[in-house]
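Please examine the structure shown below, and then follow the explanation through its parts.

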Amino acid sequence: MRQAHQLSEKRACELMGITRWSNRYASRRDPQAELRMRLRELAGTRTRYGYRRLTVLLRREGWAVNTKRVYRLYREEGLEVRTVKRSKRAAHLRVGLPGAARPNQRWSMDFVSDRLASGRWFRILTVVDQYTRECLCLYADRSQTGEKVVEQMRRLVAQRGAPESITTDNGSEFAGRAMETWAYQTGVKLDFIRPGKPVENGYIESFNGRLRDECLNGEVFFALTDARAKLERWRRDYNHHRPHSALADQTPEEFAQVAGRRPFTLSSVDKAGPPPCQGFAVAGQKTPALDTGANLPSEPVMRVKGLPERPACLRGSIEIL
């Protein structure tokens, strides 16, 4: 502006409404070249990770950064992850899923399809622990049958033990005779969702989305053996290194180790109720003996003028006169 109109610094600042000190200010902010370089390296290897997960990875490496700084550098470097906007749908009431209370209690499983480089299709059996979010199985094959599913279930049960229930859809591989026989012999309950309601098996549906976004869409599978090797490598990375937002940015393996050390607590349904008042018998039970070691008052405590306190718990038609 000064060069175009041949103005002095003072006149140009007056026209722009700023002071000369503001015009002469030079930023002293650290360019953070090393942090930018490491952020670009992580974003290059983890192409589908957003800035929040990249922040977790940087903190694991010892960088003292917060989410806002990483987001600012993330935007300046142009590392945004491109996502497809979903179309808005009418809101409706969804059926709540019963959540697992401990590891290895409930599993979910489903199938995902993909193609080899030659164009031939193959299917992947995915199994997830609903509590720890661990990926238990990624088994790829040209075709999946009930017998092959049972074979993978036997392998998992031998490693981890049998779960209480497995949530699946109504596919022939899961609802067939082979799977039904194995579930009966093992004592596992099969929970089938309603047809056309994949949201009722949301754990595995969410995992399948992450699998396709972070692995299947970015890999080229030349053969079935190549697909199995790459899927197993991604499964190990998912369980041991990938931070999970639902687990407070812990990996599924770290969360499973913490959950395995917690003492088992009874649910509210199994907890015993408060004991009956001492000295009063419950219907159908024997009258409990009084505790002779306790100092019991000889007379009721007077809380209101001239009125004794009534017992808190009375059983039957007993009255104190």
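In helix α6, which spans residues 67–76, Val70, Leu73 and Tyr74 are buried. They lie on the same side of α6, because they cover an arc of only 105° around the axis. The arc is taken from the directions that run from the helix axis to the C-beta atoms. An α-helix has 3.6 residues a turn, so residues three or four places apart point the same way. Buried means under 20% relative accessible area, exposed means over 50%, and partly exposed lies in between (1.4 Å probe, protein chains only). Helices are DSSP runs of H or I with at least four residues, numbered from the N terminus.

This is a predicted model, in which local features need pLDDT of at least 70 and side-chain atom pairs count only at pLDDT 80 or more, while totals for chains, interfaces and linings use all residues. Residues are numbered from 1 along each chain as its sequence is written, and side-chain values use heavy atoms, with hydrogens and water left out.

The buried residues of α6 pack against α4 (33–45) and α5 (51–60); contact here means heavy atoms within 4.5 Å. Just after α6, glycine 78 takes a positive phi of about 70°.

Tryptophan 182 counts as buried because its relative accessibility is 4%. Leaving aside residues up to four places away in sequence, tryptophan 182 touches Val150, Met153, Arg154, Val157, Ile166 and Val188. Tryptophan 182 and arginine 154 are 28 residues apart in sequence, yet 8.7 Å apart in space, C-alpha to C-alpha.

Isoleucine 18, in the loop between α2 (9–16) and α3 (20–23), is partly exposed, with a relative accessible area of 35%.

Technical notes:
Helices (H or I, at least four residues) and strands (E, at least two) are DSSP runs, numbered from the N terminus.
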